[in-house]
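I opened the model today and kept notes as I went. Here is what I looked up, entry by entry.

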Amino acid sequence: MTERWRTVAAATGLAAPDGTTRPTIFAEMSALAARTGAANLGQGFPDADGPEWIREAAVAAIRSGANQYPPGRGIPELRAAIARHQQRHYGLELDPDTEVLVTAGATEALATAVLALAGPGDEVVTLEPFFDSHAANIAMAGATHVTVPLVPGPDGFRVDLEALERAVSPRTRLILLNTPHNPTGAVLSADELAAIARAAVAADAIVLSDEVYEHLTFDGATHVPIATLPGMRERTLTVSSAGKTFSLTGWKIGWISGPAELIEAVLAIKQFTTFVGGAPFQPAVARALDEGDPDVAALRDDLDARRAFLVDGLRRVGFDAVVPSGTYFVCADATALLGSHADGAAFARALPEAAGVATVPLSAFCVPGSPTALALAPWLRFTFVKDRATLETAVERLVASSASR
Ligand SMILES: *Cc1c(COP(=O)(O)O)cnc(C)c1O
């Protein structure tokens, strides 16, 4: 019997072929960026903290005694605020007492939901490329990971709908969705969501939808939770968190919502992972959800300008950049710039030294050696959730190094 951690390590690129463990490509690139003084457009966390009034609300909560275990499902004020948020933005009605669970970030919500609902013999379908924790969660559960390619084209990255038909079957227990999508920046269209919903109903599968970038969309793209589609509310668990929406990624306050019996199943696992967490952050996030819309709009506008700057800069250098409709990320085909480098991973490893810029290869978000990994081998992901000076430095350095080539 293989120890479960080895399966997880292999699924996430943490295991070297000789069976030893190694850092993820994200850690490797960040270490390389630190060593070479490169502008780090690899790891996607904001370099500016979220609104001061939300941070002060957490300070006030600590001062006023919110320092012991909160209730297992999260404080009532936060669960009520999450329910109001889903109602206000999407018209989804939730019972905050039975249909909402507060978690240690979206990460815990996703992990505990996969552990609760899938096991050996079950298939879990994701898009590919995918967020790395999704593959880890499927491996932790001992389930089988089946992927559906997102394919780059004139309209950005789009779901291969024929592959979706083939991938979803009665063996499918879960469809683990992510929209707006990390790493591609795709916001799933009405047609794509309808096709996924049809497939889920036909296979009697549950949809677990990672929507942490729900408010970070551009060019008029609208995020539609799949739970709002006909017949989907009863089979969908929706996940989000305060991290990306309010630039407070270190607080790790997330949530999952959906039918009471599915939330009950997730709670059975969550109870014995973290149990609870973030007592003083919970009231602050409750206020942020109720009163923070102007802050979120300001963040979105600011990110939109940074997105335009980075896409333009990458194109000037010769990257074939796809304009993202959401998230923190731009993906770009580096084929024209690879030179002697075999692929995007080799190029990304050389770039900090050669040009003073760090990034990550898209293959890091794929099943090693899969057709999608091969198709996206020359592609890189850059983040624009960095301050303007860092983005300007990165673009200047890329321009200078391409001119000297
Ligand atoms: C950042 C991120 C998460 C993790 O969210 P936390 O609230 O920090 O745990 C989950 N999914 C995606 C797609 C992300 O980009």
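**Leu351**

I started with Leu351, which counts as buried because its relative accessibility is 5%. For burial I used these cut-offs: buried is under 20% relative accessible area, exposed is over 50%, and partly exposed is in between, with a 1.4 Å probe and protein chains only. This is a predicted model, where local features need pLDDT of at least 70, side-chain atom pairs count only at pLDDT 80 or more, and totals for chains, interfaces and linings use all residues. Residues are numbered from 1 along each chain as its sequence is written, and side-chain values use heavy atoms, with hydrogens and water left out.

Leu351 sits in helix H13 (residues 344-355). I take helices (H or I, at least four residues) and strands (E, at least two) as DSSP runs, numbered from the N terminus. I then listed the contacts of Leu351, leaving out residues up to four places away in sequence: Gly356, Val357, Thr359 and Leu398. Contact means heavy atoms within 4.5 Å.

**Leu289**

Next I went to helix H11 (residues 281-291), which holds Leu289. Leu289 is buried, because its relative accessible area is 3%. Not counting residues up to four places away in sequence, I found Leu289 touching Leu78, Ala81, Ile82, His85, Arg88, Phe246 and Trp255. From Leu289 to Glu261 I read 25 Å, C-alpha to C-alpha, for 28 residues in sequence.

**Ala143**

I looked for Ala143 and found it in the loop between helix H6 (132-141) and strand E4 (144-153). Is Ala143 buried or exposed? Ala143 counts as buried, because its relative accessibility is 13%. Leaving aside neighbours within four places in sequence, I list Ala118, Gly119, Pro120, Asp122, Val124 and Ile138 as contacts of Ala143. Ala143 and Leu398 are 42 Å apart, C-alpha to C-alpha, and 255 residues apart in sequence.

**Ligand shell**

Which residues surround the ligand? I noted Gly105, Ala106, Thr107, Phe131, Asn178, Asn182, Asp210, Val212, Tyr213, Ser241, Lys244 and Lys252. A residue qualifies if one of its heavy atoms lies within 4 Å of the molecule. The shell divides into four nonpolar, five polar and three charged residues. My classes: Ala, Val, Leu, Ile, Met, Phe, Trp, Tyr, Cys and Pro are nonpolar, Asp, Glu, Lys and Arg are charged, and the others, Gly among them, are polar. Helix H5 (residues 105-117) gives the most to this shell, with three residues.

An oxygen atom of the ligand is 2.9 Å from a backbone N or O atom of Ala106. A nitrogen atom of the ligand is 2.6 Å from an N or O atom in the side chain of Asp210. For the side chain of Lys252, an N or O atom is 2.7 Å from an oxygen atom of the ligand. Taken alone the ligand exposes 390 Å², and the protein buries 93% of that. Those areas come from the Shrake-Rupley method with a 1.4 Å probe.

**Thr217 and its loop**

I found Thr217 in the loop between strand E7 (206-210) and strand E8 (236-241). Thr217 counts as buried, because its relative accessibility is 11%. The Thr217 side chain reaches the backbone oxygen of Ala221 at 3.1 Å. Beyond four places in sequence, Thr217 touches Pro180, Val187, His223, Arg300, Ser325 and Gly326.

Asp219 is also in the loop between E7 and E8. Asp219 counts as exposed, because its relative accessibility is 59%. Its phi is near 55 degrees, a positive value in a residue other than glycine.

**Backbone checks**

I logged Thr327 too, with phi near 75 degrees, again positive in a residue other than glycine. Thr327 lies in the loop between strand E10 (320-322) and strand E11 (329-333). Thr327 counts as buried, because its relative accessibility is 0%.

Where are the cis peptide bonds I noted? One joins Thr179 and Pro180, with omega about -15 degrees. Another joins Asn182 and Pro183, with omega about 15 degrees. Pro180 lies in the loop between strand E6 (172-178) and helix H8 (190-203). Pro183 is in the loop between E6 and H8 as well.

Key:
A polar contact is a pair of N or O atoms within 3.5 Å; within protein, one must be able to donate a hydrogen and the other to accept it, and residues adjacent in sequence count only if both atoms are side-chain atoms.
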